[in-house]
Amino acid sequence: LQKNSTTMMLIAESGSTKTDWVLIKSGNSQEQFHTMGFNPFFHNEATVEKGIQENDELYKLTTEITHVYFYGAGCSSQDLNAVIERGLGQVFTNAAIS
């Protein structure tokens, strides 16, 4: 990933009960956030969107984030991954999502 002055990378590690988020800004400064966990076996796109919206500090940055890397429980097939990807896409409208 080539970094430029506007790159903001968000990395998520999610279980069924909580998600730990690390935001890496240009210059490698970091911020951490926590939300409910997202597992496509138990949660749909709307739950993902709502769960992120409930964290005010993270939600206020959503349009500035350029890349989201999500690693999560239950993300074991293309169909299940798509549930999480669609939910993230509703929130992180300017980001490439993996």
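The legends below describe close-up views of a predicted model.

Local features need pLDDT of at least 70, side-chain atom pairs count only at pLDDT 80 or more, and totals for chains, interfaces and linings use all residues. Residues are numbered from 1 along each chain as its sequence is written, and side-chain values use heavy atoms, with hydrogens and water left out.

**View 1. The aromatic cluster around Trp-21.** Ring pairs join Trp-21, Phe-70 and Phe-92 into a cluster. Rings of Phe, Tyr and Trp (its six-membered ring) pair if their centres lie within 6.5 Å; planes under 30 degrees apart count as stacked, over 60 as edge-to-face and the rest as tilted. The whole structure holds 2 aromatic pairs. Trp-21 and Phe-70 form a tilted pair, 6.3 Å centre to centre, with 55 degrees between the planes. Trp-21 lies in strand 2 and Phe-70 in strand 4, so this pair ties together parts 49 residues apart in sequence. Strands (E, at least two residues) and helices (H or I, at least four) are DSSP runs, numbered from the N terminus. Trp-21 and Phe-92 are also tilted, at 6.2 Å centre to centre and 45 degrees between the planes. Phe-92 sits in the loop between helix 3 and strand 5, so its pair with Trp-21 ties together parts 71 residues apart in sequence. Buried means under 20% relative accessible area, exposed over 50%, partly exposed in between (1.4 Å probe, protein chains only). Trp-21 is buried at 0%, Phe-92 is buried at 1%, and Phe-70 is buried at 10%.

**View 2. The buried face of helix 1.** Helix 1 spans residues 45–53, and its buried residues are Val-48, Gly-51 and Ile-52. Seen down the helix axis, they fall within an arc of 95 degrees, so they line one face. The arc is that of the directions from the helix axis to the C-beta atoms. An α-helix has 3.6 residues a turn, so residues three or four places apart point the same way. The cover over these buried residues includes strand 2 (18–25), strand 3 (30–36), helix 2 (56–59) and helix 3 (78–91). At the start of helix 1, a side-chain oxygen of Asn-44 comes to within 3.1 Å of the backbone nitrogen of Ala-46.

**View 3. Salt bridges.** The whole structure has 5 salt bridges. Each is a side-chain nitrogen of Lys or Arg within 4 Å of a carboxyl oxygen of Asp or Glu. Arg-86 bridges to Glu-45, with the closest N and O atoms 2.5 Å apart. Arg-86 is in helix 3 and Glu-45 in helix 1, 41 residues apart. Both are partly exposed: Arg-86 at 45%, Glu-45 at 24%. Lys-50 bridges to Glu-54 at 3.4 Å. Glu-54 is exposed, at 53%. Glu-57 and Lys-60 meet at 3.2 Å, N to O. Glu-57 is partly exposed at 44%, whereas Lys-60 is exposed at 54%.

**View 4. Strand 4 and its neighbours.** Strand 1 (residues 8–14) pairs with strand 4 in the parallel sense over 6 bridges. Two strands pair if DSSP finds at least two bridges between them. Ser-14 has Gly-72 of strand 4 as its bridge partner. Strand 4 also pairs with strand 5 (residues 96–97), in the parallel sense over 2 bridges. His-67, in strand 4 (residues 67–72), has Ala-96 of strand 5 as its bridge partner. His-67 is buried, at 18% relative accessible area.

Key: Contact = heavy atoms within 4.5 Å. Polar contact = N/O pair within 3.5 Å; in protein donor to acceptor, adjacent residues only side chain to side chain.
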